[in-house]
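Here's a quick briefing for anyone opening this structure for the first time. Take a look at the sequence and the model, then go through the notes below.

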Amino acid sequence: MHSGTWSDPALTIALALAAGMIAHTVARHLKVPGIVLLLATGVLLGPDVLNIVRPAALGASLHDLVGFAVAVILFDGGMSLNLERLRREAQSIRQFVTAGALVTAVGGALAARWILEWNWTTSILFGTLVMVTGPTVITPLLRRIKVAPRVATVLEAEGVLVDAIGAIVAVVALEIAIGPTGLSVAFGAWHVVSRLAFGALLGAVGGLAIATLLRFQRAIPEGLESVFTLAIVLLLYQGSNAIMPETGIVTAVAAGLVVGNARAHVVAELREFKEQLTVMLVGLLFVLLAADVRMIEVAVLGWAGVGLVAALMFVVRPLNVLVGTWGTDLTGREKAFLAWLAPRGIVAAAVSSLFAQTLQEEGIAGGSELRAMVFLVIAATVLVQGLSGGLVADLLGLRRPSNRGYVILGANPLGRALARALGETGEEIVLIDSNPQACRDAEAEGFRTLHGSGLDRGIQERAELDTRAGCLGVTTNEEVNLLFARQAKRDFKAPRVWVALRRGHLGINEEAVHRFGGRVLFGEPQAVDLWTLRLEQGEAAVESWFYDGAKTSSMLVDRDLDLRLLPLVIRRGRLVLPVDEELGFQNGDLLSLALAREGRPEALSWLGMQGWKPAGGEEIAAGPSVISSAREPREEAF
């Protein structure tokens with residue numbers, strides 16, 4: 001290929017996109033922070049090594065491309081913030097984004113001045129650049145580490161909100177640095193406050209308009225909601241920048257916060273679309289921006305640069321946390337974790353690239369060194385804190401246990417019967433229901449219960465779906481069961497989800513459940529409302545039976561019998577799982593099942609013929625079976 005081909009802007013973007021996604025994929029397999037590999041990929045493909053990805057080919061368009069991507073990334077970050085959780089930790093968040101951010105800016109500037117001996121202008125610019133942390137780094141780390149909810153809330157909010165504030169503070173500082181002499185601190189403070197207020201107001205209005213349109217199903221044709229929202233967000237971002245420079249970041253965050261907390265019917269799908277788009281854009285930006293940094297400039301910083309990073313991590317950040325958490329009820333261990341985890345992200349990289357370009361155009365020295373130092377801070381903090389975050393959380397006892405317990409949507413009698421069966425081995429069970437009486441009945445039985453909609457993200461977060469062994473939808477509304485299970489699988493990465501389907505209902509079939517990796521509870525569609533009523537009225541009871549036959553993979557219940565007995569849960573040693581269509585049985589299994597009073601003799605006869613014995617040990621007379629022959633066997637997947 002001709003060497004000039006590599007300077008094609010379109011090819012540069014395509015290569016960066018592909019390389020970014022490949023790096024993300026490898027990082028997922030290796031279970032390491034994606035940005036570690038993204039930075040390494042950018043350096044490897046950039047001019048310093050292979051010289052394949054050449055950001056210089058984009059010219060001034062690089063800044064525009066970065067701007068569009070940052071708008072989407074921070075809109076997604078705003079959508080991830082839950083207002084209820086923000087209110088619970090309001091004091092810490094407020095102190096972090098004000099006094100704490102100021103401590104970081106001042107501390108970073110003083111450290112750069114003393115350690116690198118930069119002039120005051122460059123040092124102050126550096127301090128404003130490292131104010132930010134970054135949702136592109138923090139959010140994936142928290143999802144992987146799974147720390148206590150209140151700590152995660154503070155870190156997520158800091159990452160999103162300080163990104164917006166820090167970007168404006170940094171740009172205003174740059175304007176003062178390159179502007180005419182005599183510009184005062186009061187001038188800068190006014191510009192920071194006015195831009196923050198303008199961006200927040202425009203973002204809130206724009207977000208409210210988007211949320212209103214999304215709330216009405218006929219306003220935007222089905223299938224166009226996500227791309228429609230994306231287009232409006234980009235317009236808001238660029239429009240805000242056009243009216244008042246560098247306010248678009250705040251506008252994007254504010255719009256995302258409003259849309260993410262709206263009760264629109266497509267918010268979950270919109271969040272999924274934005275998350276996928278964000279992953280792609282983060283890969284693109286980090287590869288391009290890393291390729292744009294010359295390694296010789298980083299090497300020239302030497303041990304002084306390493307010392308500056310150490311000062312930020314071990315002196316400035318703890319001071320930030322001390323001020324940011326002063327007077328709050330956060331524990332010492334929580335404060336220690338906050339003090340450790342503060343990796344920088346895409347906004348620091350993007351703004352430092354803008355600074356380098358602007359200072360060079362103005363003929364002011366120090367832009368390249370500034371960008372190189374920010375790159376070193378990003379690389380070091382992501383590598384050290386990102387890789388050690390899980391270990392530190394374990395040492396401090398802040399990591400939530402994973403793969404434990406079950407969440408059941410539906411505190412009706414059938415849901416409670418499943419809860420009792422699943423909880424016999426000590427598994428933690430959480431029940432969710434919008435019916436207050438059902439919640440009171442579940443609480444009377446000793447279960448932890450959440451009153452509200454199981455489709456509400458706030459309720460789902462309180463139930464900690466991301467740490468559960470599985471989630472079950474057991475309401476009499478199979479559409480709600482399906483949506484709940486799909487959200488648990490998609491948004492919280494629940495390892496197993498089960499959906500109770502109604503027999504004879506044409507709305508949802510087994511294929512719809514299998515399509516997203518779910519399983520059909522009870523093995524097939526059942527008369528869920530009938531069994532709920534039977535259990536409520538005492539017309540059915542839950543019993544335990546041992547399997548004493550040969551190992552088999554056949555289904556338990558024949559179609560002529562399944563209105564008389566309902567298989568609920570299998571216990572095999574310490575393992576307990578709901579019955580589904582992939583479940584096989586083997587000698588020694590303990591089955592919890594519901595037996596109807598009507599037709600009980602036929603059910604007992606059939607169970608005895610199949611090799612099942614009551615857990616109490618009494619014998620069952622196996623008379624002539626009135627049940628049709630067994631079904632087609634399925635492959636065992638216990």
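**The antiparallel sheet**

Strands β8 (residues 565–572) and β10 run antiparallel and are joined by six bridges. Before going on, note that this is a predicted model, where local features need pLDDT of at least 70, side-chain atom pairs count only at pLDDT 80 or more, and totals for chains, interfaces and linings use all residues. Residues are numbered from 1 along each chain as its sequence is written, and side-chain values use heavy atoms, with hydrogens and water left out.

- Helices (H or I, at least four residues) and strands (E, at least two) are DSSP runs, numbered from the N terminus.
- Two strands pair if DSSP finds at least two bridges between them.
- Across from Leu-566 you'll find Ala-594 in β10.
- Helix α17 packs on this sheet and touches β7 (540–547), β8, β9 and β10, with a direction about 20° from that of β8.
- Helix α23 (residues 600–609) packs on the sheet too, touching β7, β8, β10 and β11, and its direction makes about 155° with that of β10.
- Contact here means heavy atoms within 4.5 Å.
- Axes are lines fitted to C-alpha atoms, for helices over the stretch in contact, and angles run from 0 to 180 degrees between N-to-C directions.
- The open sheet has five strands in the order β9-β8-β10-β7-β11, with antiparallel pairing.
- Its edge strands, each pairing on one side only, are β9 and β11 (612–614).
- From one strand to the next, the twist averages 35°.

**The parallel sheet**

- Another open sheet has six strands, in the order β3-β2-β1-β4-β5-β6, and its pairing is parallel.
- At the edges sit β3 (448–451) and β6 (519–520), each pairing on one side only.
- Strand β4 (residues 470–473) is joined to β5 (residues 497–499) by three bridges, and the two run parallel.
- Leu-472 is opposite Trp-498 in β5.
- β1 and β4 also run parallel, with four bridges between them.
- Gly-473 in β4 stands opposite Leu-409, and its bridge partner in β5 is Val-499.
- From β4 the chain crosses through α20 to β5, a right-handed β-α-β crossover (with the strands pointing away from the viewer, the path from the first strand over the helix to the second runs clockwise).
- Helix α20 (residues 478–491) lies across β1 (406–409), β2 (429–433), β4 and β5, and runs at about 170° to β5.
- Both faces of β4 are covered: Gly-470 and Leu-472 on one side, Cys-471 and Gly-473 on the other, are all buried.
- Buried means under 20% relative accessible area, exposed over 50%, and partly exposed in between (1.4 Å probe, protein chains only).
- Gln-487 has its place in α20, and it counts as buried because its relative accessibility is 11%.
- Gln-487 and Gln-460 are 27 residues apart along the chain, and their C-alpha atoms are separated by 9.1 Å.

**Salt bridges**

- How many salt bridges does a search of the whole structure find? There are 20, a salt bridge being a side-chain nitrogen of Lys or Arg within 4 Å of a carboxyl oxygen of Asp or Glu.
- Arg-150 forms one with Asp-329, with the closest N and O atoms 2.6 Å apart.
- That pair links distant parts of the chain, 179 residues apart: Arg-150 is in helix α8 (residues 149–178), and Asp-329 is in the loop between α13 (295–324) and α14 (332–340).
- Arg-150 counts as partly exposed because its relative accessibility is 21%, while Asp-329, at 58%, counts as exposed.
- Arg-519 forms a salt bridge with Glu-582, the closest N and O atoms being 3.6 Å apart.

**Nonpolar cores**

- A nonpolar core is a set of buried Ala, Val, Leu, Ile, Met, Phe, Trp, Tyr and Cys residues joined through side-chain atoms within 4.5 Å.
- The largest one has 112 residues, and those with the most contacts inside it are Phe-126, Phe-337 and Met-373.
- Helix α8 gives the largest share of this core, 15 residues.
- A second, separate core of 32 residues includes Val-474, Trp-498, Leu-566 and Val-576.
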